[in-house]
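Biologist: Please put the model up. I have some questions about side chains and surface.

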Amino acid sequence: MAHIESYDKLKVRCPPLGGEVTFIYCRSVNQGLPCRNIINCWAERIEIGKFLQENFSTQDLIKCLSIEPKTKLERILELINKTKGKTNSSD
């Protein structure tokens with residue numbers, strides 16, 4: 001059984017974001033649930049199906065894998081807002 005943090009430091013190119021991300025981002029980007037593209041992005045590197053079954057409920061997987069994808073602009077704005085939140089909290 002793969003512990004949920006087993007692959008967190010591995011990196012892969014994220015097609016929606018256009019850059020490199022760690023596995024922890026992919027497995028938790030949707031309010032703690034995996035990205036809807038996690039299977040396509042990680043299938044060649046790890047046993048992603050097995051990992052998902054061992055670490056997430058069927059309901060959670062249905063919920064996250066059926067989410068309508070955000071546009072690139074929505075993702076960029078979301079990242080900007082997260083960055084602003086971090087900046088403001090350190091003032």
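Modeller: The model is predicted, so local features need pLDDT of at least 70 and side-chain atom pairs 80 or more, while totals for chains, interfaces and linings use all residues. Residues are numbered from 1 along each chain as its sequence is written, and side-chain values use heavy atoms, without hydrogens and water.

Biologist: How far is the backbone oxygen of I4 from a polar atom of the side chain of R27?

Modeller: A polar contact is a pair of N or O atoms within 3.5 Å; within protein, one must be able to donate a hydrogen and the other to accept it, and residues adjacent in sequence count only if both atoms are side-chain atoms. From the side chain of R27 to the backbone oxygen of I4, the distance is 3.2 Å.

Biologist: Is R27 buried or exposed?

Modeller: Buried means under 20% relative accessible area, exposed over 50%, and partly exposed in between (1.4 Å probe, protein chains only). R27 touches I4, E5 and D8, among others, not counting residues up to four places away in sequence; contact means heavy atoms within 4.5 Å. Because its relative accessibility is 11%, R27 counts as buried.

Biologist: How many residues apart in sequence are I76 and L17?

Modeller: I76 is partly exposed because its relative accessible area is 42%. Its C-alpha lies 8.2 Å from that of L17 in space, and in sequence the separation is 59 residues.
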